[in-house]
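Please look at the sequence and the model before reading on.

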Amino acid sequence: MPNEQTTANPFESNPDPEEETRQIEEVANLTEELLDMRYSAPRPILRGVHPKSHGCVKAVFEVNADIAENLRVGLFAVPGKKYDARIRFSNASVRVEHDLKDGKNGSRGMAIKVLDVGETVLQEDGGAHNQDFLMINQPAFAFANTEDYLRLTKIIREHNDDPSIFFAPLKVTIPGITDEQKRRILNSFKIVQQIQSMPVANPLEVRYFSAAPFLFGPDRVMKFSATPSLSQEPQTVPENPGENYLSEALEKTMSGTEDIRFDFQVQVRGKEDGLNIEDASTVWDETEVPFVDVARITIRAPQKEITTPNYIERCERLVFTPWHSLAEHQPLGSINRLRRAVYLASDAKRGGGRPGRGASAKRKDHRP
Ligand code: HEM
């Protein structure tokens with residue numbers, strides 16, 4: 001259960017907390033309604049977003065032995081410290097469908113669960129104290145804040161999961177849409193276009209980003225990223241990709257003998273101007289604030305067991321949320337405040353991690 005270990009911090013500036021609380025409740029309720037719409041019994045209920053998993057792998061998350069002293073914070077406090085971790089790769093799309101639905105690339109996810117991280121977590125993970133890092137393969141989230149995400153969620157609820165009307169204000173005048181909202185909608189549109197123009201051949205070969213900001217100790221903020229360190233050129237998407245070509249690519253790599261490595265990196269800032277904490281659709285320019293390596297993720301190969309029904313079932317039961325976090329890495333900003341309630345709603349709907357409903361579904365059951 002969530003506790004109230006969150007710290008007041010100098011970064012967040014919620015303009016209307018009461019209104020935001022109302023909006024968060026509405027998105028959480030709509031999330032539950034959407035799950036009822038998508039999965040009627042006896043179909044197991046899957047995750048509200050990212051329902052299609054490409055697979056889970058075991059990993060080791062090791063803080064760099066030479067991490068700079070000023071970066072020894074929270075999970076990164078002890079140089080050389082090793083943690084066991086689990087990683088799930090996924091498609092962000094709200095439905096389980098072809099990896100290239102209508103021939104288009106979608107957003108891809110990498111969720112890392114670092115196990116047994118310490119005493120003070122913001123939300124327990126079935127009794128355990130884990131640090132989850134949820135990432136997508138672009139540096140900006142497509143929606144700025146809770147207000148925009150609520151508009152999107154209402155639209156997909158009304159239009160059977162079709163989000164296209166969200167962008168209608170760019171073509172026609174819609175009463176009540178302000179110039180500022182229009183600016184954000186145009187930005188969302190550009191981010192979606194970027195996502196669609198980014199082919200991914202293998203989930204193990206692309207870079208992932210937190211997009212949203214998190215605390216880095218009491219007086220700094222971070223965004224994080226995982227960058228694959230490849231020993232050869234990345235693969236290209238096959239000519240006629242099958243509907244599950246991404247899990248096939250991952251399984252093939254994991255049946256080989258070459259370990260996979262990612263560098264885990266952070267962009268760290270103080271309380272400068274222009275942090276845009278409340279807008280998850282902004283990017284911190286890497287040329288101004290470079291990403292610095294702080295840890296290394298090693299995925300030992302082979303891991304042939306990842307395709308067995310038992311393993312797939314256990315993979316499905318993992319529950320990720322950015323609020324499985326040390327207090328030092330508290331999620332920040334409107335989108336992250338929204339995520340706290342919505343991930344809980346999604347998990348509760350699929351059985352709260354208990355066997356018997358979506359959380360225990362086998363992956364093969366929910367492939368199209
Ligand atoms: C910076 C923004 C975001 C990032 C990087 C992100 C990333 C991810 C990733 C990687 C997963 C898959 C985790 C897994 O494998 O289980 C996930 C799951 C999910 N996300 Fe997000 N997400 C973001 C924003 C949001 C927002 C704004 C919402 C809705 C309010 C949302 C709702 C969900 C839900 C419901 C799940 C499934 C939770 C479950 O049932 O276990 N996400 N997200």
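**Overall build and ligand shell**

The protein chain has 6 helices and 9 strands, where helices (H or I, at least four residues) and strands (E, at least two) are DSSP runs numbered from the N terminus. This is a predicted model, in which local features need pLDDT of at least 70, side-chain atom pairs count only at pLDDT 80 or more, and totals for chains, interfaces and linings use all residues. Residues are numbered from 1 along each chain as its sequence is written.

Q: Which element supplies the largest share of the shell around the ligand?
A: The ligand is surrounded by 28 residues, a residue being near if its C-beta atom, placed from the backbone, lies within 6 Å. Strand 2 (82–91), strand 3 (108–114), strand 4 (131–136) and helix 6 (334–349) each supply at least two residues of this shell. The largest share, 7 residues, comes from helix 6.

Q: Are helix 1 and helix 2 roughly parallel or roughly antiparallel to each other?
A: The axes of helix 1 (residues 17–38) and helix 2 (residues 146–158) come within 10 Å and cross at roughly 30 degrees; axes are lines fitted to C-alpha atoms over the stretch in contact, and angles run from 0 to 180 degrees between N-to-C directions. Angles under 35 degrees count as roughly parallel, over 145 as roughly antiparallel, 65 to 115 as roughly perpendicular and the rest as oblique. Helix 1 and helix 2 are therefore roughly parallel.

Q: What radius of gyration does the protein chain have?
A: The radius of gyration is taken over C-alpha atoms, and the globule rule is 2.2 Å times the number of residues to the power 0.38. With 368 residues, a compact globule would have a value near 21 Å, and this agrees with the protein chain's 20 Å.
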